[in-house]
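Student: Please take a close look at one part of this model, the cavity and its lining. Then connect that part to the sheet and the helix contacts.

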Amino acid sequence: MIKGIRLIAMGVLVGMSVSVTAYGEVVTLDSCRSMAMRNNKTIAIAEETVKGTEYDRKAARSLYLPGIDFSAAYMYNQRKINLLSEDAKLPTMSFNPGTGKFDWNILTDPSGNPILNPDGGGYIPTEVAVIPKDALSFDTHNIFAGAVTLTQPVFMGGTIKALNDIATYAGKAAVAGRNAVVQEVTYTVDQSYWLVVSLKAKKKLAESFVQLVDSLHSNVQAMYDEGVATKSDVLTVDVKLNEAKIMLIKVNDGLTLARMNLAQVCGLPADTEMTLSDEEFEGIPSHAPQYTAEMSDVYSRRQDLEALRQGINVLKGREKIVLGTMLPKLGVFGSYQFSTPNLNNGFSKKVGGGFTVGAALTVPIWHWGGRYNHLKSAKSATRAQELMLEDMEEKIRLQVSQAHFKFQEAFKTYDMTKSSLRSAEENLRNAELAYNEGLMTANDVILAQTGWLKANSENIDAAIGIRLCDVYLSKVLGTLGQD
């Protein structure tokens, strides 16, 4: 673990160039959590996701309301429109009082028979009506058109309500995801915090061990000077003293890196110096507290399960949307359209327009089973998510049982290390007395000191293990950070 902390801290140091900042106040675990909540980028990202889902929910709600749109278009044509290629000459008719009908005004012979045009093409008119080519020529070089349209959905097959439901469920899923991130960050802060406390205790232990070995070294050196100890005894103690000093250096380095990691987790510069309120390492309960919780309560508190439950609701909303594609859709609309030129009263280059209202109905009839298969696919996705939820609940049940067991085991281990520590202290005391009386060698004392060091180290690890198991149990129960 110390190696991992070393790598993290070195990475932070490479990426940051900051001056040493002194953090004069004593920092509690709660204050570390608060700093992490304020400064953690992952939590900030989750918060933005929550905000985004709120905007999506408002956008979905607006689908119930009418929409107003403005559209405009401009077009340039190279040529104008000519409905005639030349002046048009149209034959005319006159009223015949004798017959009471209109007769064509055509050329006749003296007998009254119509005379055909020798060039073909029918009879020869005696009178024609002329339509000039320019009268049916329209300037369409520049065309502009626009419209203001209002549309109001009446029934969209339930898709609008489904979209609103999906937006609501997505928002709840985002909140649950944010809460899960908060719990994960809290768990990381607690781990880093108690690692610093552990290493601070081991630093004190290493300093005591150095003093212990140094005291033995002074005694052996004095005895060697008096001729009652051998050079081998002196060298053996020298080696052990050097090992103790090296161990102290490593613990100091590990503690420095652990503090840097804690600062980074809290969102502070990596070289911020913090004094933790629990560095004196006290307050381990004598017996494990009893955590009693119904699994239904655990399931309701677990934010990862809540996110999955809301995901299922989103998929059910998707089913409704697919179902909506199989139902009729009705909407009404109204618009005011205008253009120049316009044909409202003949061809005019002034801006003119008018209102249009209507309704549109779409009824799906047959799509070769495509939409029905989409609905079955959506139902299958929902069922798969429900099975995933059931699987996660079973795993969480096992996780809670394991966390309870490890928590109880941590207290048993701590009690055993306290007993071992008492034995090691008594053994060291007896070894020192026996050595002073010449009944034991320096190696025997060193072994007793090493045993004392190991017992103290295991006791520290067991005490920190209780803290970490407590944090982990709170995490799996879903209560972490809810104090």
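Tutor: Start with the term. On a 1 Å grid over the protein atoms alone, a cavity is a set of points where a 1.4 Å probe fits but cannot get out, and lining residues have an atom within 4 Å of a point. Grid points are joined across faces, edges and corners, and a volume is the space filled by probe spheres set on the points. This is a predicted model, in which local features need pLDDT of at least 70, side-chain atom pairs count only at pLDDT 80 or more, and totals for chains, interfaces and linings use all residues. Residues are numbered from 1 along each chain as its sequence is written, and side-chain values use heavy atoms, with hydrogens and water left out.

A search of the whole structure finds one cavity of 30 Å³ or more. The largest cavity holds about 30 Å³ of space. Its lining consists of Val196, Arg259, Leu262, Thr272, Met274 and Leu276. Two elements, α5 (231-265) and β10 (273-276), each give two or more residues to that lining. Elements here are DSSP runs, numbered from the N terminus: helices are H or I with at least four residues, strands are E with at least two. By class, the lining has four nonpolar residues, one polar and one charged. Ala, Val, Leu, Ile, Met, Phe, Trp, Tyr, Cys and Pro count as nonpolar, Asp, Glu, Lys and Arg as charged, and the others, Gly among them, as polar.

Now the helix contacts. Helix α4 spans residues 159-225 and helix α9 spans 442-477; their axes come within 10 Å and cross at roughly 170°. Axes are lines fitted to C-alpha atoms, for helices over the stretch in contact, and angles run from 0 to 180 degrees between N-to-C directions. The crossing therefore makes α4 roughly antiparallel to α9 (over 145 degrees; under 35 counts as roughly parallel). The contact of α4 with α9 divides into 20 nonpolar, eight polar and six charged residues.

Helix α8 (residues 370-436) also packs with α4: the axes come within 12 Å and cross at roughly 10°. So α4 is roughly parallel to α8. From α4, Leu212, Leu216, Val220 and Met223 make the contact, meeting Leu428, Glu432 and Tyr435 of α8. Contact means heavy atoms within 4.5 Å. By class, this contact has six nonpolar residues, no polar and one charged.

Next, the sheet. Four strands form an open sheet in the order β2-β9-β11-β12, paired antiparallel. Two strands pair if DSSP finds at least two bridges between them. β2 (67-76) and β12 (352-362) are the edges; each has a single partner strand, so one side of each lacks a neighbour in the sheet. Neighbouring strands are turned by 20° against each other on average, direction ignored.

Follow the bridges across. β2 pairs with β9 (residues 142-155) over ten bridges. There, alanine 73 has alanine 145 of β9 as its bridge partner. β9 pairs in turn with β11 (residues 329-340), over eleven bridges. Alanine 145 is the link again, with serine 339 of β11 as its bridge partner. Eleven bridges also join β11 to β12. In that pair, tyrosine 336 bridges to phenylalanine 355 of β12.

Last, a hairpin. Strands β5 (residues 93-96) and β6 (residues 101-104) run antiparallel, joined by four bridges. Phenylalanine 95 stands opposite phenylalanine 102 in β6. Four residues lie between the two strands, and glycine 100 in the turn has a positive phi of about 75°.

Notes: On a 1 Å grid over the protein atoms alone, a cavity is a set of points where a 1.4 Å probe fits but cannot get out, and a pocket is an open set with protein on both sides within 12 Å along at least five of seven lines; lining residues have an atom within 4 Å of a point. Angles under 35 degrees count as roughly parallel, over 145 as roughly antiparallel, 65 to 115 as roughly perpendicular and the rest as oblique.
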